[in-house]
Amino acid sequence: MAEAEPAPVGAMGEPWELVVERGKIAEFAAAAQSDNAAYGGQQPVAPATFLTTAARWAPPGARVNVGFDRKRLLHGGQEYIFHGSIPSAGDVLIARERIAERYEKPGRRGGVMRFAVVVTEYRRPDGDLAAEARATFIETAKPA
């Protein structure tokens, strides 16, 4: 099966739904070894990094293709921006990725390192922007 072409800057994936569930918030907080009371009870808020789990619920083909060799892939950074209230149990968000940037830099051991910045928008059902996640992916240079 042929590999899909890498998505260019500006390319957008397909939207998918993320239901923020109380039990999933508790599981995520436990995995992060957090005992913050805000992540428990009947109406917990989601930890900021909880939005990373949205990728788990994306249907096949919905996410953008950065086109990097997974054997040479590094996660170079992650940032979250919230617009208004933090998502909490019961919220439904619509996630959608886009390629925001692509660039290259020389590798320390020679060759070229490639970078892709992927922004995931999380919108409420009324279309209001709830949050954004900005991830930087790095493909290390090919071995000599």
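These questions and answers walk through strands, one arginine and the aromatic rings of a predicted model.

In this predicted model, local features need pLDDT of at least 70 and side-chain atom pairs count only at pLDDT 80 or more, while totals for chains, interfaces and linings use all residues. Residues are numbered from 1 along each chain as its sequence is written, and side-chain values use heavy atoms, with hydrogens and water left out.

Me: Which residues does UniProt list for "domain: FAS1-like dehydratase", and how far apart are the end C-alpha atoms?
Reply: The unreviewed UniProt entry lists residues 9-131 under that name. UniProt positions follow the numbering used here, feature names are shortened, and annotations may be inferred rather than shown by experiment. Over residues 9-131 the chain is 8% helix and 36% strand, with the end C-alpha atoms apart by 20 Å.

Me: How many bridges pair β3 with β4?
Reply: Helices (H or I, at least four residues) and strands (E, at least two) are DSSP runs, numbered from the N terminus. Two strands pair if DSSP finds at least two bridges between them. β3 spans residues 92-106, and β4 spans residues 112-123.

Me: Which residue in the hairpin of β3 and β4 takes a positive phi?
Reply: Five residues lie between the strands of this hairpin. The phi in question is near 95°. The residue is Gly-110.

Me: Which backbone oxygen does the side chain of Arg-102 reach at 2.9 Å?
Reply: Arg-102 lies in strand β3. A polar contact is a pair of N or O atoms within 3.5 Å; within protein, one must be able to donate a hydrogen and the other to accept it, and residues adjacent in sequence count only if both atoms are side-chain atoms. The backbone oxygen of Ala-7 lies 2.8 Å from a polar atom of the Arg-102 side chain. At 2.9 Å, the side chain reaches the backbone oxygen of Val-66.

Me: What separates the C-alpha atoms of Arg-102 and Ala-116?
Reply: Beyond its neighbours within four places in sequence, Arg-102 is in contact (heavy atoms within 4.5 Å) with residues including Asn-65, Phe-68 and Ala-116. Along the chain, Arg-102 and Ala-116 are 14 residues apart. Their C-alpha atoms are separated by 4.5 Å.

Me: Why is the pair of Phe-28 and Phe-50 edge-to-face, and not stacked?
Reply: Rings of Phe, Tyr and Trp (its six-membered ring) pair if their centres lie within 6.5 Å; planes under 30 degrees apart count as stacked, over 60 as edge-to-face and the rest as tilted. By this rule the count is two aromatic pairs. The rings of Phe-28 and Phe-50 have centres 5.6 Å apart, and the pair is edge-to-face because their planes stand at 80°.

Me: Is Phe-50 buried or exposed?
Reply: Buried means under 20% relative accessible area, exposed over 50%, partly exposed in between (1.4 Å probe, protein chains only). Phe-28, at 21%, counts as partly exposed. Phe-50 has 3% relative accessibility, so Phe-50 counts as buried.

Me: Which charged end sits over the ring of Phe-115?
Reply: Phe-115 is buried, with a relative accessible area of 8%. A charge sits over a ring if NZ of Lys or CZ of Arg is within 6 Å of the ring centre and within 35 degrees of the ring normal. Here the distance to the ring centre is 5.5 Å, and the charged end belongs to Lys-105.
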